[in-house]
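Hi,

Here is the structure I promised to pass on. Have a look at it first, and then read my notes below.

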Amino acid sequence: MKIPPTIDINQLLSEQLKLMEPPITLASSHELSSIGAYHLKRFWSSTFAQRHQQTQLFPQDVHLDRLILDALGVGLNQAYQFLYTKKPSLDEFENWVIATSGKPSKTRIERLNADITGTQYSQETHDWLMAIEKAPPVLSQQDLAFWQRNGYVIVRNAADLNACQKAEKVIYKAVGAKYDDRNSWYRKTVPGIMVELIQNGALEANRRSLRIHKAFSQLWDTPALWVTADRCGFHAPQRESHPFPGPDLHWDVDFDRPLDFATQGILYLTDTPPEQGALTLVPGFHHKLSQWLQSLPTGADPNHQDLHALGSVPIGANAGDMIIWHHHLPHGSRPNLGMRPRIVQYINMYPGRRHIS
Ligand SMILES: O=C(O)CCC(=O)C(=O)O
């Protein structure tokens, strides 16, 4: 009997797509888009090229993809969703970016381009960074020693309480919930504890908090940092109909690449005692990760181990406090066994490059 060859549907579809649409020319990171930014054209073209599997994924682009979107104030998921569903031209993509998060200032574009090309910052940017460098420390010597030991630190009063309350209200509204109506806390249409809300004045005010910037600059040893265009969280108390959806302990680390230093951060917009779904992490694990990975059986997925057994601890803190952690710590939320929703904003910072020139 003649056995028919196995058909790989995905490969077939991708071949069809290639026939139907002209091949995408991959732009270089140093090609300018019409708003004057480097790498945007590359990001736009590489997204399509990768989708049609004309090329491999570009691991070397991960940093710049994130940088360009953070600099322009749009989230990665937002951008992919628009690109995949609308298949826009570069001009349409740029118009969407501006309509979504506003026109970036000239100073911002200049700073972005300087980071991408490794050239000097404008005087204005240089002065601004120097002012942050010279600002009094936010993290004390004890905080820094705690950070070294435990891989996380609580930045007290990181954001202004008024700004936190404004952000809290915006998040309630976004998920269709009312403060005193318990049933309304479960109206959120998108499952999970994340809220895809990024562009908002109150959230932006927190992203621009000088205390937050200074704290990150002490951990990264440079003020030349970009803030992430990240989302928020609304984590209602657990109910039988609404069990904890995660994320439970995990890493957001690509273990196929060499281990490097990076931070992650969460700002509590309301008081968050440990039982109220607080951020949970394994203190000190940044010192152990490398050896622990080597001890795993070949092929074992680090994220699919009993990570709580490594010593997880919930970190409670007050409204306006921020927790920054080393990305080598297993981390996640936990079931909310408290009386109120846990409401947070995710904020992280990282350098476009390491040193100010
Ligand atoms: O919301 C939390 O407590 C955990 C957040 C998290 O897992 C992440 O940022 O990767």
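In which helix is the place of glutamate 133? Glutamate 133 sits in helix α7, residues 123–134. Helices here (H or I, at least four residues) and strands (E, at least two) are DSSP runs, numbered from the N terminus.

Before the rest, some housekeeping. This is a predicted model, in which local features need pLDDT of at least 70 and side-chain atom pairs count only at pLDDT 80 or more, while totals for chains, interfaces and linings use all residues. Residues are numbered from 1 along each chain as its sequence is written, and side-chain values use heavy atoms, with hydrogens and water left out.

Glutamate 133 counts as partly exposed because its relative accessibility is 43%. The scale is this: buried means under 20% relative accessible area, exposed over 50%, and partly exposed in between (1.4 Å probe, protein chains only). Setting aside neighbours within four places in sequence, glutamate 133 is in contact with Lys214 and Pro223, where contact means heavy atoms within 4.5 Å. For a sense of distance, glutamate 133 and glutamine 238 are 105 residues apart along the chain, and their C-alpha atoms are separated by 43 Å.

Two packed helices are described by the angle between their axes and the distance between the axes. For α7 and helix α11 (residues 210–220), the angle is about 80 degrees and the axes are 9 Å apart. Therefore α7 is roughly perpendicular to α11. The axes are lines fitted to C-alpha atoms, for helices over the stretch in contact, and angles run from 0 to 180 degrees between N-to-C directions. Angles under 35 degrees count as roughly parallel, over 145 as roughly antiparallel, 65 to 115 as roughly perpendicular, and the rest as oblique.

On the α7 side, Trp128, Ile132 and Glu133 meet Leu210, His213, Lys214 and Ser217 of α11. The residues of this contact divide into three nonpolar, two polar and two charged. In that count, Ala, Val, Leu, Ile, Met, Phe, Trp, Tyr, Cys and Pro are nonpolar, Asp, Glu, Lys and Arg are charged, and the others, Gly among them, are polar.

**Around α4**

Helix α4 (residues 76–86) packs on helix α5 (residues 90–101) at about 140 degrees, with the axes 11 Å apart. That makes α4 oblique to α5. Gln78, Ala79, Phe82 and Leu83 in α4 touch Glu92, Phe93, Trp96 and Thr100 in α5.

α4 also packs on α2, at an angle of about 60 degrees and with axes 11 Å apart. The crossing of α2 and α4 is right-handed. From α2 come Phe43, Trp44, Thr47, Phe48 and Arg51, and from α4 come Ala79, Tyr80, Leu83 and Tyr84. This contact divides into seven nonpolar residues, one polar and one charged.

Helix α3 (residues 62–72) is mostly covered, with eight of its eleven residues buried. Among the elements covering those buried residues are α2, α4, α5 and α6. Just after α3, glycine 73 takes a positive phi of about 80 degrees.

**Cysteines**

How many disulfides does a search of the whole structure find? The search finds zero, a disulfide being a pair of cysteine sulfur atoms within 2.5 Å. The sulfur of cysteine 232 is 11 Å from the closest cysteine sulfur, in cysteine 164, so the two are too far apart for a bond. Cysteine 164 is buried, at 0% relative accessible area, and cysteine 232 counts as buried at 0% too.

Most residues other than glycine have a negative phi, and most peptide bonds are trans. Here are some exceptions to look up:

- Asparagine 157 has a positive phi, near 45 degrees; it lies in the loop between β1 and α9 and is exposed at 52% relative accessible area.
- Aspartate 221 has a positive phi of about 65 degrees; it is in the loop between α11 and β3 and is exposed at 68%.
- The peptide bond from glycine 246 to proline 247 is cis, with omega near 5 degrees; proline 247 lies in the loop between β4 and β5.

Cheers

How values were computed:
A crossing is left-handed if the near helix is turned anticlockwise from the far one by less than a right angle, and right-handed if clockwise.
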